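Me: Please take me through this model and the ligand in it, one question at a time.

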Amino acid sequence: MGRGVILNYREFLPCTDATPVINLGEGDTPLVASVSLGGQLGCGELYFKLEGCNPTGSFKDRGMVFAVAKAIESGSKAIICASTGNTSASAAAYGARCGLDVIVIVPEGKIARGKFAQAIAYGANIVNIQGNFDDALKIVLALCEKHPVSLVNSINPFRIEGQKTASFEIIDVLGDAPDYLFIPVGNAGNITAYWKGFVEYHRAGKSTKKPRMMGFEAEGAAPIVKGYPVKEPKTVASAIRIGNPASWKSAVSAAAESGGLIDCVTDDEILESYQLLSTREGIFGEPASAASLAGLIKMKNTGMDFSGKKVVCVITGTGLKDPETALANSRSIINVPGDLASVEKALGWG
Ligand SMILES: *Cc1c(COP(=O)(O)O)cnc(C)c1O
């Protein structure tokens with residue numbers, strides 16, 4: 001534990017002797033068995049892969065550590081990304097760790113507060129633009145053409161390489177691949193990375209099978225499901241509020257080759273799953289993370305049978321990233337004077 005993904009999976013990563021080993025303790029995240037929802041949904045076994053346990057609270061760290069290592073290997077002194085929040089938090093952390101300049105271009109007012117606080121805390125240069133993530137990414141791509149700075153968005157193939165280690169961990173823990181993997185889809189790098197990991201580990205003889213890849217976009221930001229880019233993507237799940245995913249084609253291939261699918265879930269379904277996860281399983285993921293569970297519930301309701309099957313839902317980021325959404329859904333807060341009798345009365349014990 002705590003060795004980081006580069007040391008743990010070096011032989012499966014495109015490392016050279018010159019690739020530095022960077023480590024903030026990313027990876028080795030828990031695969032936690034469901035105690036409640038799995039039974040209710042008729043799953044043989046249901047697990048949650050808790051990617052919120054990474055150093056900056058999302059899976060982005062797996063890819064960022066390797067993208068930063070390769071940027072340093074190539075002599076780069078600065079990294080840049082567009083972000084819906086988590087990529088900027090991760091870039092800022094690893095950049096700080098390695099003494100690189102970090103530039104993040106983000107859509108003004110559309111970043112969850114926890115993520116924005118992280119980019120500030122780690123000392124990134126932050127540029128707010130009036131526009132959305134897709135606009136920010138276009139600008140970043142143009143900047144990279146003109147200036148000596150390394151792109152660390154998931155178009156960078158080393159991001160995908162690092163992120164595929166999550167599949168390795170799942171197989172290492174379960175002893176084989178699961179039957180289904182449910183995963184949120186935004187820019188579609190992660191579903192691409194997981195599939196790459198499952199394919200490579202299978203080829204290496206580490207598993208007897210590969211899972212069906214079940215990817216879920218948010219309904220208001222579902223370009224892949226619709227078949228065309230969405231100009232103004234809208235969803236409560238800011239991490240998947242993306243209208244023109246960079247890894248569109250590879251995500252479609254992952255779903256097709258695995259016998260899975262890419263579908264979408266509504267914001268209501270996302271928020272319901274967000275609450276179910278925290279109140280029934282004790283797992284507080286950010287709203288985008290809940291799209292995986294929302295997808296599983298949707299598939300169950302459309303008649304899919306998961307009995308005897310091993311199912312994994314990827315919980316991509318921690319709920320602490322987005323306190324606003326948690327507070328907006330607060331149910332039973334009681335305000336009373338600060339004395340024993342008032343508190344007992346409020347609790348119905350008075
Ligand atoms: C980035 C992110 C996603 C979406 O992943 P993609 O690789 O963009 O599809 C989902 N959830 C969280 C918490 C994220 O940070």
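Me: Why does the radius of gyration of the protein agree with that of a compact globule?

Reply: This is a predicted model, in which local features need pLDDT of at least 70 and side-chain atom pairs count only at pLDDT 80 or more, whereas totals for chains, interfaces and linings use all residues. Residues are numbered from 1 along each chain as its sequence is written, and side-chain values use heavy atoms, with hydrogens and water left out. The radius of gyration is taken over C-alpha atoms, and the globule rule is 2.2 Å times the number of residues to the power 0.38. Because a compact globule of 350 residues would have a value near 20 Å, the protein agrees with it at 20 Å.

Me: Which side chain has an N or O atom 2.7 Å from a nitrogen atom of the ligand?

Reply: A polar contact here is a pair of N or O atoms within 3.5 Å. Backbone N or O atoms of Gly186 and of Asn187 each lie 2.8 Å from an oxygen atom of the ligand. The side chain with an N or O atom 2.7 Å from a ligand nitrogen is that of Thr316.

Me: How much of the accessible area of the ligand does the protein cover?

Reply: Accessible areas come from the Shrake-Rupley method with a 1.4 Å probe. On its own the ligand has 380 Å² of such area, and the share that the protein covers is 97%.

How values were computed:
A polar contact is a pair of N or O atoms within 3.5 Å; within protein, one must be able to donate a hydrogen and the other to accept it, and residues adjacent in sequence count only if both atoms are side-chain atoms.
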